[in-house]
Amino acid sequence: MIVLVTDFGLADPYAGVVKGVILGRAPGVRIVDLCHEVPPQDLRHAVFVLASSRTFFPEGTIFVTVVDPGVGTDRRILCAIAGGQVHLAPDNGILGAIPADRVEAVHAVERPDLYLSPVSPTFQGRDVFAPVAAAIATGLDPRSVGPPVESYLRLELPRARRTAEGWTGEVLVVDRFGNLVTNVPGDSLAGLRTPPRVWVRGMPAVSLARSYADRAPGELVAVVGSSGYLEVAVNRGSAAAKLSAAVGSVVEVWL
Amino acid sequence: MIVLVTDFGLADPYAGVVKGVILGRAPGVRIVDLCHEVPPQDLRHAVFVLASSRTFFPEGTIFVTVVDPGVGTDRRILCAIAGGQVHLAPDNGILGAIPADRVEAVHAVERPDLYLSPVSPTFQGRDVFAPVAAAIATGLDPRSVGPPVESYLRLELPRARRTAEGWTGEVLVVDRFGNLVTNVPGDSLAGLRTPPRVWVRGMPAVSLARSYADRAPGELVAVVGSSGYLEVAVNRGSAAAKLSAAVGSVVEVWL
Amino acid sequence: MIVLVTDFGLADPYAGVVKGVILGRAPGVRIVDLCHEVPPQDLRHAVFVLASSRTFFPEGTIFVTVVDPGVGTDRRILCAIAGGQVHLAPDNGILGAIPADRVEAVHAVERPDLYLSPVSPTFQGRDVFAPVAAAIATGLDPRSVGPPVESYLRLELPRARRTAEGWTGEVLVVDRFGNLVTNVPGDSLAGLRTPPRVWVRGMPAVSLARSYADRAPGELVAVVGSSGYLEVAVNRGSAAAKLSAAVGSVVEVWL
């Protein structure tokens, strides 16, 4: 199975062409569109998508993540092996989505014999990533794509800080519903006698509940979200709109 | 075959993760993305999508519809059997998309042995719907997901009323083209000596034709649409924009 | 393999229903969503998508392109054979995406025995294209869908003109990144002693580089894009926004 994460969008032919190249070389492989709507060149969003998804895919999955502002420069293309899965990605930080201690091996992709020819300096998703992924899906040992690398870039999502009162963190992602996914770890919030209180951008406090519908429609609610982090939402509405919040907005928690 | 209808959108990892969980447990199953762009929490749109699609999928299809503002509360998750197909959906009205007399059985899903653990109170699409759908796709009898239920919620789309002159109805859906899909049944409009006239929001009358291109570009036209309902469109344009119409706008027909 | 190109978007059930009909009749076929976000009725965009994609799909691929403002009129539906691939499309110019000398045969589709019944005059993607594509995918000879046609409409993308100084062309497509894909052929720009200079809408000159990141973030750059045409971009930004450019904007090149 090959899983695609890109910033190609769906109006242009880019994502479809990548699939065509893969299927021409690996006719039996299954392709899953995980996300093609990463905002253009937004590495942090790509890391979030990959970090919150990869463990839900089975062993043997090949992830191809093409968010690649450095396409066509001499930045390397990497092949990482982690938890029985394979990751192809540019050496631009995306592999930070995998905890460092889970990464078993990282190799540089150097197999022009596999690439489409010529390789376009602006679309290596089609000309390099797709054929290499197809080769791995049809049996190529991922350790044989090129030499092992000593080090590589890791973009790690910012971490929340413990404070005297609780936590100071920030909004990592605003999802389609306007929910604010923060970086405050959810396991620190469970099992307390009094529910923690949460402030976003210094606005009036929100208290923790179990699910969105524990508050009336239109009201703010804090929950432990499905990625294990504190999330601020509005039941049947948008917390981002109600709080004028965005990626990076400050979040404070009092326990 | 598992068919997905959700309001997850395509920018976030949610829809992709659901596919990962299904494929981890049912590696051979085919997944079809029917629609992930239901407007957030818009049950009526979900009902329309399901009602106008289900009969075009083959027997044995498993529909998984996750538009679920009550996620994490004690609302039930249902499994309906109808016309040789299976439907998983929250008990929030979505099953109203299936005519009541076609529903053969409805069971409550109560199989924590199948769920992911722990179950997140905010993402049961991943933790409950996906593994149960995978189990049914790989052979679980859909009647064994839990006890049969006596009654369940049915959100039925509003129906047009007969009047002395013809029909009074409303716009059910505005599609991507700006076409206004109404709830006036199309079979009542065929075979008349004089074509019926249609008013949307009291604007100048539109007359019925066979296809969009029976009018000049930019002109309004009424047709019997592909779901069997009266539709008001602009040839190569948007009726919604031209008439400032939206879901719920009043439609009157004189026969 | 059946590849879909439509202007149906992803919020409505149309694309999903087409897949349901295909899979009901050709259960084993693979369906690839190449692009459902062609702007409504935008034949030129459809031609661009198809022209820049088709050679990256393997032999035997069946392309179904439904951008069809004339749906339900007496415009024909065509089946073209080219380069070992099959194309179903309305006779409205879309087949201009295939160079004329690569087209081996074009037949009119006249097989009501295969269609869904009744055929809706507003959704022939579902009622005609889908079942015919499924029949071809399961073995129907594409030459037996109906009589050969003498001539058919070809919408060809505008070509750039040679000038005393170089080229005068235009923007063919603005992609998701705001990159301006032009119709100036890239092979004429390579291997020159001094890099060519490019003007869009008469704005200050942009010089050619190899890849986007050869300029600082926020700066304009011209490259030979992945479709083989000159492309004007902003590294990590939008050239369309920076230059207020759109489809049809004039592009001049001095060699």
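**Before starting**

This is a predicted model, in which local features need pLDDT of at least 70 and side-chain atom pairs count only at pLDDT 80 or more, whereas totals for chains, interfaces and linings use all residues. Residues are numbered from 1 along each chain as its sequence is written, chains are lettered from A and ligands numbered from 1 in the order in which they are written, and side-chain values use heavy atoms, with hydrogens and water left out.

**Stop 1: the domains of chain A**

Select residues 2-144 of chain A, which form domain 1, and then residues 161-254, which form domain 2; such bounds come from an automatic or database domain assignment. The centres of the two domains, taken over C-alpha atoms, are 32 Å apart. Four residues of domain 1 of chain A touch eight residues of domain 2 of chain A, where contact means heavy atoms within 4.5 Å.

Between these domains about 430 Å² is buried, with carbon and sulfur atoms giving 64% of that area. Buried area is the accessible area (1.4 Å probe) that two parts lose on being put together, summed over both. On the domain 1 side, select A:Arg44, A:His45 and A:Phe48, which lose the most area to domain 2 and together account for 89% of what that side buries.

Which residue meets A:Arg44 in a salt bridge? Select A:Glu170: the two side chains meet at 2.9 Å, N to O. The rule for a salt bridge asks for a side-chain nitrogen of Lys or Arg within 4 Å of a carboxyl oxygen of Asp or Glu, and it finds one across this domain interface.

**Stop 2: chain C against chain A**

Now show chain C together with chain A. Their contact takes 31 residues from chain C and 37 residues from chain A. The area buried between the two chains is about 2,600 Å², and carbon and sulfur atoms give 57% of it. Select C:Phe56, C:Arg176 and C:Phe177, which supply 28% of the area that chain C buries against chain A, more than any other three residues.

C:Arg176 also takes part in a salt bridge, its side chain meeting that of A:Glu37 at 3.4 Å, N to O. The count of salt bridges between chain C and chain A is one.

Next, colour strand E2 (31-35), helix H2 (43-51) and strand E12 (220-224) of chain C; these are the elements that give two or more residues to the side touching chain A. Helices (H or I, at least four residues) and strands (E, at least two) are DSSP runs, numbered from the N terminus. Among these elements, E2(C) gives the most, with four residues.

**Stop 3: the copies compared**
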